[in-house]
Amino acid sequence: STQSTGMSAWAEVRQLQEELYNVQLQTAKNKLSERNCVAVIQRLVSLGWLDVLYSCDGKEYITPKQLEKDIIDELYVSGGRAAMTDLAQTLNVDYSHIERKVTELLSRDSNLAIHYGELISKQFFDNLALEINETLQETGLLPLNQLSREVSLPVTVLAKELTPRIGDIIEGTYDKKTDTLFTKAYVERQTAKLRGACSAATRPIQLGKIMESHSVTTSLGHNCVKEMILSGRLHGQLQGQSNNPVFIPELYLSAQNQWADSFYEQNGYITFDMMNKKGIDNPHSLISRYEDAIQVPSGCISTRLLASTQSIVEECIISNSYIEAIDWVFDWCRDGDEKKLMELVLKNVKPEDYRILPSNTIISVSLLNQLLNEFDSKIADQVKTDAGDPKVVTSLKKFDAAASLVSDAKTKKGKGGRKGKKGKVRDDDDEEYKPSKPSIGPTFLTIQQIELELKGVAFMVDNEPKEESTFGEIGEMLKKQLDERYCKELDDEVRRRTCKSSKSQQKADEETINHLYNTVILCEKGLKVFEENVKVQIEKHVLKTLCTDLAKSTFSILSEEYECPFKGNDMKMDKVVPYLPKNAKDHATAVIASVTSGSTVEQFLEHYTNLTDPEFTQLLVKKLDKKKERNMIFSQKQSLLEQLKTEVKSPELLNIACNLMFIKQHSTLLHVPGRCISAVIKVLSAEASPAHREVLDTSLAAVVTELKGDGQMEEGTKEALRSLVTEVLFGKQDEME
C-alpha cells in the first residue's frame, strides 16, 4: 500500500509539471504595463517582501544574492582578479553596492582579498606561482620588482602572497633584502664560484670585484660568503663596509699576527702605525692578546722593557745625576707617549727627589743642590763687591720699597694648585687678577752666564750632556734660587755695613715705620671714593698687607726694646705681647686682632696710635705735614712712572697706570687687590672722557683675556695705556709744547 501511495504522488507531480509547461507555452491574454510592474515591485519592496538593487540606469532590478553570484562569476571569468571599478561597470550597478557586497564576501571567504582596489582570489596567486616557477626554473633567478611591473602589483603584495607558496608551488629560495627568487641550483653555482675565487686569494680583496668578475649577484654573494665562513667551508673573514666588504684570507691574517707577535717579542713594543702599514685593521684587539703589554697612545710597551727603563731612571736619581730624554725616551714615542711613559717610569720615585726639564730631561734634586753650592764662593765674592756699589744698593732698596707698595703679583698657591709639566705648581686655575711685584731688584747672573759656569763644573765636564740645550734648561732652573741667595746675602751685607750704631739703626727703623705708617694713612684716605662693598674688600687687603708689615716692623722694634728672646725669623707678634708693659698689652693685642680679623683700617690706626705712644716706646711715629705728604706722593708717582716706562707685563702695567691716574685725581695713594682693579677703573672713568674710558675698558678686557690664557695684550693697547697716563698727568703733547 505504501508503494502504491508513492506512485500516485509522483504521478500528480508529473501532471502538475505538464500543466505548468502548457501554461508557459500559451500566449498571455492579459499583460501588465511597465508602469504597473514598477508599482508592483515598489509595493513589494515597501512591504518588505522583496529586496532588490537598482541598476545604474534605473531600468533593471537585481537581488543582492544575484549580485553576489554575478560578482563571483565575473571574478572567475577574469581569471581570479578583477578591479572593483570594472565590476561596477560590467554589472551596471553603483560602486557602493559592489563595495558593500565584496566586504561581505571577504568576511565569509578567506580565499578572497582586496589589494589596491582589486578583488583577487587565492586561485589567481596559485596560477601566478605556477607561472613564476616555470620562469624561475629557466632563468635561475627572478627579481620581484621585475615581476611587479609585469603583473601590476606592488612588491610587498607579491612577497606576502608568494612567500607561503615557496617550497610548495615555487621550487626555490627567497632573499628578503633584495626581494629576489633563486633556485637552489643557481645558488649552488654562485656559491661554488665564490668559494673557488676566495680560496685562491692570498691577500685581502674586495668582495665586489670578485662578484663582478664572476657575474655573481651582490646580495646573494654576500650571504653565501658569510654562510661559508660560518660553516667553515671558507677560511677568512669579512671587514669593512657592508655594501662592499673586503675578504681577508686566514692565511694573510695568520701571517700578520705572526709578524706582530715576532716584532713585539723581539723589541718589547709595537706601534699602531707599524700595524697599519702592515694592513692590520684592528690593532687594539691584537694588542689585547699580549698579557704583559701596557698601552700608550701610539701603541704598547712590554713590562720587561718598561722595567728596564725604570731601573735606568731610578739609578740616575739615586746616584745624584741626570738623564736626558734621548737616553730614556724611545724614538718611536710621540708627545702623548712621552707623558704616559714618564708617569709609568717615575711612579716609584718620590716627586721631591727629581725635577723634569722642558726637554724631558730628568735631573736629581740632590744634583741641583750640588750645582747651587758650586756658586757659593762666587756669590760671596760678588756680594762683597756689590755691597759697596751705590747703584746696586739703591736697586736693592728700591726693590724692597716698591714691593711693599705695588700689589702682590702672584696668586697664592693653595692646595688646589696643579703640577705642571716642569714639576712646578701652576696658578692657571685662579682667574683672579693679581699683578706681580716689579722685577727691579739686583740679579746675580744671567742664564747665559750660569750656563757658562756650569760647563766648567767638574761633574758636568765628566758627564757632559748630549743635548746643548740641557745646560740652558738647568741654568734657567737654577737662576731663581741663585738670585734669591744672592739678594739675601747682599741684603744681609748691606744691613751689616749700614747698621754701625744703634742711633743710626733707630733712625733707619723710624724712617721705615713712618713711611709705612703714612702710606697706610694715605691709602685709607683713598678708600672714601669707593662703594661700600668694594671698600670692605680693599680694607681687608690693606690690613693683610701694609698694616701687617707695619705691625710686624713695629713689634720687631718693641721686641728689641724690651729684650724679647724672639727676634728675626723666630719673632711672632703674639709672643712679644707678654714682654710689653701692662698698659701696652691691650693695645698690642688690639693691633694684632685688627690685622688678623679686623675689618677697618681706621680701627687699626687708632689701636696702632695708642700702642706707639711715647709712654711705651722710644720709636717716634708721627704724621706727615702737608708739604711732606705732597713730597711722599710725588716720590711714589715718580717711582711708578719709571716702572710704567719699562714694564712689559700687562697686569702690572694696568695696575701701575691705575695707581698713577688715581694719584692725579685724588692726590692720595692707592693699594688694592687685583680683583678690585675693575672698581678702580670705574672710579677713574667717572671723571674721564669717553676716549679715556674706552682705553681703560679695552686694557682691562685684554688683561682678563690674558690671565685666562686666551690671548696676549697687543703692543698697541699697551702704548695707548701709557699715552693715556701721560696725557692725564701732563696733558696732551701739543699743550705741553
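Q: In which helix do Phe604 and Tyr608 lie, and how many residues apart are they?
A: In this predicted model, both sit in helix H28 (residues 601-611). They are 4 residues apart, about one turn of the helix.

Q: How many aromatic pairs are there?
A: The count comes to 9 aromatic pairs.

Q: What makes Tyr264 and Tyr290 a stacked pair?
A: Check the two values in turn. Their ring centres are 4.3 Å apart, and the cut-off for pairing is within 6.5 Å. Their planes are at 5°, and stacked needs under 30 degrees. So the pair is stacked.

Q: Where in the chain do Tyr264 and Tyr290 come from?
A: This pair links distant parts of the chain, 26 residues apart. Tyr264 is in helix H12 (residues 250-267), while Tyr290 is in the loop between helix H14 (283-287) and S13.

Q: How do you know whether Tyr264 is buried or exposed?
A: Look at its relative accessibility, which is 3%. Buried means under 20%, so Tyr264 counts as buried. Tyr290, at 12%, counts as buried too.

Q: Why is the pair Phe604 and Tyr608 called stacked?
A: The ring centres are 5.8 Å apart and the planes are at 25°. Those values fall within 6.5 Å and under 30 degrees, so this pair is stacked. Phe604 and Tyr608 are also both buried.

Q: What makes S13 and S14 a pair of strands?
A: Pairing takes at least two bridges, and S13 (residues 293-296) and S14 (residues 299-302) have 4, in the antiparallel sense. A hairpin of 2 residues joins S13 to S14, and Gln295 stands opposite Cys300 in S14.

Key
Residues are numbered from 1 along each chain as its sequence is written. This is a predicted model: local features need pLDDT of at least 70, side-chain atom pairs count only at pLDDT 80 or more; totals for chains, interfaces and linings use all residues. Side-chain values use heavy atoms; hydrogens and water are left out. Rings of Phe, Tyr and Trp (its six-membered ring) pair if their centres lie within 6.5 Å; planes under 30 degrees apart count as stacked, over 60 as edge-to-face and the rest as tilted. Buried means under 20% relative accessible area, exposed over 50%, partly exposed in between (1.4 Å probe, protein chains only).
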